[in-house]
Amino acid sequence: MSIRMKLLLSYAAMLIIPLILLIATSLLLAVVFRGDLQSLKSAHEMKFEGLEESDYHSLIKYTILNDPDLLTDKHFLDDISADMLNKNTYLYIRSGSDVLYSSDYILSQKELIAGLPSFKHAGIWSELKNKADGNVWYQIVQYDLSTKDLQPVSLFLLTEIDPLVHFARSFFPILFLSTLVILVLTHTLLTYFMSKRIIRPLLELRKAAQQVSEGNLDFQVRVSGKDEIGQLGMAFEEMRSRLQESIQMQLQYESNRKELITNISHDLKTPLTAIKGYVDGILEGVADSPEKSEKYMRTIATKAGEMDRLIDELFLYSKLDMQKLPFTFESVPIYAFLQDWAEELQMELEKQGVRLNLEIAIEEGIHVAVDRDSFKRVLSNVIQNSIKYMNKEQKRISLQSFAQNNKIILVIEDNGPGIPEAAVRHIFERFYRAEQSRNSYTGGSGLGLAIAKGIMLGHKGDIYAESVEGEGTRIYIVLPIEEEGSSQ
């Protein structure tokens, strides 16, 4: 059974069951207060309870109306009036402008008495329109009769009623019909809107699921709200977005992987071709002197070394990517470590015509937990990447280090060509190359910074870049400071 049908049945039950209970309750109340169901007919015919067939009406009908002399029997009228007081009913008898009898209380209600109608016709009785005297409402019944000497007499029964009861009884048909209409409209509208709020989002989710199953993720799930279905819609949209992002990333990785294979093939083929050429030259006797033979052999060794470094880089990245590279951590005084590394670096940079500016603002007692060889590899990859692309006449690299928020931050800055803004956040991604040209100067696998990123993550640190195209690049290397007494 569909959810729509279940909702329709449930709301139909909400409508029918209260009506059945209302009718059953009404019948039970009628039995309890009236004694039998046949009295419902008389209750329907009466405009006000107890006036047509009440004891008072029967008493007046079979006594006073049959014996008008009782209108002057004060003892008899006092007895009747006393009984009527138990139900807040008062007796008032008038002949013309003369008052023949009145209950004590009603004499004080002068405005009410003044508004009573005049004699109409002997032998009839009528129920008058309810009247209010201040905040008290009265139900009035008038009996017109004639004495033996044919004097017109009007007898009035005035019964106090509650204003709410008067209102309910007066407007009972309207109230009852209005209640039914409101009940039906409320449940109908509630059913419609709840069905709309539930079914429509579910249809949207079903449509979205079909599109996902067909491989289409280029859409947006437009289901919102704070209820369970809204939360489901937002979770589905988040899943779709992440799935789309993951697929796009996988496609990008696949594209970069294919490009990497092409680049690696090119890089391996170039030295292999050179090695093959020089070997052929030796075998064919082109190197016919000791000097040429030595030159050819050195060239072969150099090209073999390039291939070895390339394969070593690929192997290292592969182990980092699979998180299978073991690190040997030790507590290292970072100030002394950076001083020793900077001295070695300065000698290397001087040979390549690059000036090094050094600023180490770290206390000597600060230690960090690092794998020395791996961390030196990070620094070397960053420096080599800066040198490889540097295109200024005055080449410069600066190293700054300082402690901040329980971390050591190294900033390596160059004055190279910079990196395009769109590429800065991608340069540490695997297989990503900001510089797409392939030549002997800027060639390579493009894995140097990706390897550096993997090593820093293994050290629970971070590495990121800032760059201004045309001015230079800053690489930030972040390491947590080792707490006293801790070891890794």
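Which residues does His 459 touch, not counting residues up to four places away in sequence? Taking contact as heavy atoms within 4.5 Å, His 459 touches Phe 327, Phe 329, Ala 369, Val 370, Asp 371, Ser 374, Leu 479 and Pro 480.

A quick word on what you're looking at. This is a predicted model, where local features need pLDDT of at least 70 and side-chain atom pairs count only at pLDDT 80 or more, while totals for chains, interfaces and linings use all residues. Residues are numbered from 1 along each chain as its sequence is written, and side-chain values use heavy atoms, with hydrogens and water left out.

Back to His 459. You'll find it in the loop between helix H13 (448–458) and strand S12 (462–468). Helices (H or I, at least four residues) and strands (E, at least two) are DSSP runs, numbered from the N terminus.

Buried means under 20% relative accessible area, exposed over 50%, and partly exposed in between (1.4 Å probe, protein chains only).

| Residue | Relative accessible area | Class |
|---|---|---|
| His 459 | 3% | buried |
| Leu 150 | 67% | exposed |
| Asn 405 | 69% | exposed |
| Asn 406 | 48% | partly exposed |

Most residues other than glycine have a negative phi. Asn 405, though, has a positive phi near 50 degrees, and Asn 406 has one near 60 degrees.

Now follow the chain into S12. S12 runs antiparallel to strand S13 (residues 472–480), joined by 7 bridges; strands pair if DSSP finds at least two bridges between them. Ile 463 has Ile 477 as its bridge partner in S13. The hairpin has 3 residues between the strands, and Gly 470 there takes a positive phi near 95 degrees.

Finally, there's helix H4 (residues 74–85). Its buried residues are Leu 77, Ile 80, Ser 81 and Met 84. Seen down the axis of H4, these fall within an arc of 100 degrees, so they line one face of the helix; the arc is that of the directions from the helix axis to the C-beta atoms. At the N-terminal end, Asp 73 caps H4, with a side-chain oxygen 3.3 Å from the backbone nitrogen of His 75.

How values were computed. A polar contact is a pair of N or O atoms within 3.5 Å; within protein, one must be able to donate a hydrogen and the other to accept it, and residues adjacent in sequence count only if both atoms are side-chain atoms.
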